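Open the structure in your viewer and keep the selection tool ready. We will go one stop at a time.

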Amino acid sequence: LLLLIFILSGCGIFVKKKPPLTKAEMEIIAENYVSTGIDYFEQKEFDKAIDEWKKALEYIPKDAEVHNFLGIAYHRVGHLDSSIAEYKKAVELDPDYHQALNNTGYIYFLKGNYETALQYFDKALAVDPTYKQAKLNRKKCIEIMEGDLKISAFELFENAESLDSLELKIQNYRKALAID
């Protein structure tokens, strides 16, 4: 009988189920995914970063910062609606997350929805009146709405920021300056 039990256990008949992961274990796994996502993002491998951050959210779905990271990565790959959805989820989880509020406004700004963009910049500034990026974005939005800044110049500047080549960046900056 003992020999039969030994043989059957070797065949996997008596396999024990693994206990569920503890909260600490889940956080460690999620943090590894977050860290790997940051590494991919820094290497400009945005799709891989998105995949890693989605995996992290399987373990920590209520992490506003990871939703904000996803929003940034979606922006980088041109998925603006997905970007907005992630930023809004971050704000839903943390209503005082002024960076996510600003980021939401920025995507609306890029989409040409300046009124909505201003609302989000104002919300970000209501949370943190010293937040320089929201102040700058709000100012640029108003300048474009009032015709004081040409959107084409802004788009050239924005494009230059994402380029790796210093020479191409300088060319775009020069074009932007020629326009405005």
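Start by selecting Ile-29. This residue is partly exposed, because its relative accessible area of 25% lies between the 20% limit for buried and the 50% limit for exposed. Keep in mind that the model is predicted.

Now color helix 2, residues 23–42; Ile-29 is found there. What does Ile-29 touch, leaving out residues up to four places away in sequence? Show Leu-21 and Tyr-59: those are its contacts. Next, select Lys-55. Ile-29 and Lys-55 are 26 residues apart in sequence, and their C-alpha atoms are 9.3 Å apart in space.

Zoom out to the whole protein chain. Count the elements: there are 10 helices and zero strands. Of the 180 residues, 34% count as buried. Among contacts with a separation of 6 or more, 43% join residues 24 or more positions apart.

Last stop: a pair of helices. Select helix 6 (residues 98–110) and helix 8 (residues 132–145). Their axes come within 10 Å and cross at roughly 20°. That angle is under 35 degrees, so helix 6 is roughly parallel to helix 8. The crossing of helix 6 with helix 8 is left-handed.

Show the side chains at this contact. Helix 6 brings Asn-102, Tyr-106 and Phe-109. Helix 8 brings Gln-133, Ala-134, Asn-137, Lys-140, Cys-141 and Ile-144. Color them by class: five residues are nonpolar, three are polar and one is charged.

Notes
Residues numbered from 1 in each chain as written. Predicted model: local features only at pLDDT ≥ 70, side-chain atom pairs only at ≥ 80, totals over all residues. Heavy atoms only, no water. Helix = DSSP H or I, 4+ residues; strand = E, 2+ residues; numbered from the N terminus. Buried < 20%, exposed > 50% of the residue type's maximum accessible area, 1.4 Å probe, protein only. Contact = heavy atoms within 4.5 Å. Axes fitted to C-alpha atoms, helices over the stretch in contact; angles between N-to-C directions. Parallel < 35°, antiparallel > 145°, perpendicular 65-115°, else oblique. Left-handed = near helix turned anticlockwise from the far one by under 90°. Nonpolar A, V, L, I, M, F, W, Y, C, P; charged D, E, K, R; others polar.
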